[in-house]
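Please have a look at the screen first.

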Amino acid sequence: LGFAFWHSSMYPDPTYMQEAPGEPPKRLEYLEQNLKEILDLQWSDPNRTTKEKVDEFMAKVVMLNGKLKEEEDHRFWAKVLVLLFFVRVVIYMRVHPRIA
């Protein structure tokens with residue numbers, strides 16, 4: 001049950017984003033939102049120093065790496081859960097009198 005709640009928090013509904021006036025909104029999935037933030041950095045802004053821009057970029061990359069690590073952990077525990085279900089079926093087949 002806990003894994004189901006974790007899974008639902010990992011994959012929320014897509015966020016809708018308006019590209020341009022008059023165009024239909026585009027759906028952004030879980031990790032696409034972070035990629036859009038990284039790609040939308042204003043590198044040509046003359047009011048900010050290069051250090052500020054690079055620091056903001058690296059902070060967003062670190063945040064994206066954290067989400068990728070969380071995704072990797074999620075997939076690992078999903079595989080463990082599937083294997084446990086398989087082991088449960090094998091044990092059940094050995095114990096049940098009609099199947100054993």
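Predicted model: local features only at pLDDT ≥ 70, side-chain atom pairs only at ≥ 80, totals over all residues.

I begin with a nonpolar surface patch of about 460 Å², which is made by Phe86, Val87, Val90, Ile91 and Val95. A patch here is built from residues with over 30% relative accessible area and no salt bridge, where nonpolar side chains (Val, Leu, Ile, Met, Phe, Trp, Tyr) are joined within 5 Å and like charges within 9 Å. The areas come from the Shrake-Rupley method with a 1.4 Å probe, and for residues only the protein chains shown count as cover.

Residues are numbered from 1 along each chain as its sequence is written, and side-chain values use heavy atoms, with hydrogens and water left out.

Now the layout. The protein chain has three helices and two strands, in the order α-β-β-α-α along the sequence; these are DSSP runs, numbered from the N terminus, with helices (H or I) of at least four residues and strands (E) of at least two. Of the 100 residues in the chain, 13% are buried, and the chain exposes about 8200 Å², 64% of which is supplied by carbon and sulfur atoms.

How far apart are the end C-alpha atoms of helix α3? They are 67 Å apart, which agrees with the 68 Å that the 46 residues of helix α3 (residues 50-95) should span at 1.5 Å a residue, the expected span being 1.5 Å times one less than the number of residues. The buried residues of α3 are Lys53, Lys60, Leu64, Glu71 and His74.

Several of the charged side chains take part in salt bridges, meaning a side-chain nitrogen of Lys or Arg within 4 Å of a carboxyl oxygen of Asp or Glu, and by this rule the count comes to seven. In one of them glutamate 37 meets lysine 60, at 3.9 Å from N to O; because glutamate 37 lies in helix α2 (residues 32-39) and lysine 60 in helix α3, the pair ties together parts that are 23 residues apart in sequence. Glutamate 37 is partly exposed at 35% relative accessible area, and Glu37 and Lys60 are linked with Arg48 and Glu56 in a network of salt bridges.

Within helix α3, aspartate 55 bridges to lysine 51, with the closest N and O atoms 2.8 Å apart, and the two are four residues apart, about one helical turn. Aspartate 55 is partly exposed at 41%, whereas lysine 51 counts as exposed at 58%. Arginine 75 and glutamate 71 also form a salt bridge, at 3.1 Å from N to O, and here glutamate 71 counts as buried, at 9% relative accessibility.

Conventions. Buried < 20%, exposed > 50% of the residue type's maximum accessible area, 1.4 Å probe, protein only.
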